[in-house]
Amino acid sequence: MILVPQELENTASKYASEAIKLDSQGSRRKAIQLYQHAIEALNKLIQIYPEYKLNKIYIERANAYMNRIKSLQISNILEDEKNDDKASNETVVKKKTVSVESNSDQLCNEFDNLVMKEKPNVSWTEVVGLDDAKRAIRESIVYPTKRSDLFPLGWPSGILLFGPPGCGKTLLAAAAAAEIDGYFINVDASAMMSKWLGEAEKNVSKLFKMANKVLETENIPMLLFIDEIDSLLGTRNGEVGGEIRVKNQFLTEMDGINNKSKKSKLYVIGATNKPWSLEAGFLRRFQKRIYVTLPDHESRNYLFRQYTEPLKKDKGFRIDDLSKLVQGYSASDIKDICQAAQLRVVNELFESGKALDENSDPRPVSMYDFKEIIKIRKPSVSIEMIRSYIKWSEQFKAL
Ligand SMILES: Nc1ncnc2c1ncn2[C@@H]1O[C@H](COP(=O)(O)OP(=O)(O)OP(=O)(O)O)[C@@H](O)[C@H]1O
Ligand SMILES: [Mg+2]
């Protein structure tokens, strides 16, 4: 995770809110100046941290301010003309409304971008291991969508996936959505909390409204995947009382889908690396709480087999021995290790100068390559973290 200098973000935010205030009071020229300062601060932020995940939002914000500046400038010109030759008042008023509308359209687009409505293309078999999680998802999501008549008491509509990074939470949610042949709405909760999108509790309510609307019009199952759900509890805008409002809004929406009808086809899967920061009221709405664990020996074998499948391997290559070396590594670590081994032999080919010959091939990868890589690549999850997950799981898991 890249840290964005809070100072720069705060500066941009301060300029922007001051600009909006002046804009609403009709001080166009001053507002334009402040919008410009906000854009400059946002651009700087994007330049310094090109990989930051909120950049898309910053860019959209900057564009929205730019458009607002343009329409304010048009209003200024029209105003000047009016003063010059007494142009009719109506034109100005009309223009003004149009520009305000387009500004709010932009906000809607911004929200739509945050929420990706898609039909994922991930198959169940691509998710290695995690049998508990797969079973729970099948029982509470897949089967009810196929034969809702067999579930007179309804089914759980909230599932919480918790566990260390890179073990398949997102992958599982995508596979579930593919299996039920429904929409997969992927929401990044931390982005939703961003002050750039307005008040966070309104975003929460907008999200559920949108999901319900799609459900009503298209009547196909809908899976709302809320990644980093713990960030709904800690707002970044430091507004007093903000966290509580967001949390309450979320709880109300969850009750809405649990009570509305026993047959709601809206499912919520929440994912978190920090389950301990969720409180009881929150947990109660997720009837299933599933630990997405590090891969066990068998799963590691499977992962190595899958990722080394397209590679040429040395005769002494033993997958079982490799899996012993990477106890404590995540599935995504294993993927990275395999990629690094492949890069190693390709780099060698380039460095030998032979890569330019189209018929040349890299040498097969060997156990030695893997051992060298594992030596300098530590697991991305610490033992202490794993202990905390196990402890939390023992106390709160619900399969
Ligand atoms: N169980 C798994 N089976 C197969 N591949 C996996 C598995 N878990 C992780 N991977 C690989 O690692 C990548 C990252 O996994 P994923 O995004 O699902 O992790 P995550 O648990 O959601 O992590 P985070 O908490 O960081 O969001 C996947 O795209 C996939 O390539
Ligand atoms: Mg994820």
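**View 1. Helices α13 and α14 are oblique to each other**. This is a predicted model: local features need pLDDT of at least 70, side-chain atom pairs count only at pLDDT 80 or more, and totals for chains, interfaces and linings use all residues. Residues are numbered from 1 along each chain as its sequence is written, while chains are lettered from A and ligands numbered from 1 in the order in which they are written. Helix α13 and helix α14 (residues 367–375) pack at an angle of about 120°, with axes 9 Å apart. Axes are lines fitted to C-alpha atoms, for helices over the stretch in contact; angles run from 0 to 180 degrees between N-to-C directions. Angles under 35 degrees count as roughly parallel, over 145 as roughly antiparallel, 65 to 115 as roughly perpendicular and the rest as oblique. Helices (H or I, at least four residues) are DSSP runs, numbered from the N terminus. I337, A340, A341, R344 and V345 of α13 meet D369, F370, I373 and I374 of α14 (contact: C-beta atoms, placed from the backbone, within 7 Å). These contact residues divide into seven nonpolar, no polar and two charged. Ala, Val, Leu, Ile, Met, Phe, Trp, Tyr, Cys and Pro count as nonpolar, Asp, Glu, Lys and Arg as charged, and the others, Gly among them, as polar.

**View 2. Helix α11 packs on α13**. The axes of α11 (residues 297–308) and α13 come within 10 Å and cross at roughly 35°. From α11, R300, L303, F304, Y307 and T308 take part; α13 answers with A331, I334, K335 and C338. By class, this contact has six nonpolar, one polar and two charged residues.

**View 3. Helices α1 and α2 run roughly antiparallel**. The axes of α1 (residues 6–25) and α2 (residues 28–48) come within 8 Å and cross at roughly 160°. Contact residues in α1 include L8, A12, Y15, A19 and L22. Among their counterparts in α2 are A31, L34, Y35, A38 and L45. The contact divides into 13 nonpolar, two polar and five charged residues.

**View 4. Ligand 1 lies between domain 2 and domain 3**. Domain 2 (119–292) and domain 3 (297–380) both give residues to its shell, so the ligand lies between them. The domain bounds come from an automatic or database domain assignment. Of the 17 residues around ligand 1, P165, G168, K169, A331 and S332 come nearest (near: C-beta atom, placed from the backbone, within 6 Å). Helices α6 (169–180) and α13 (331–351) each supply at least two shell residues. The shell has nine nonpolar, six polar and two charged residues.

Methods. Contact = placed C-beta atoms within 7 Å.
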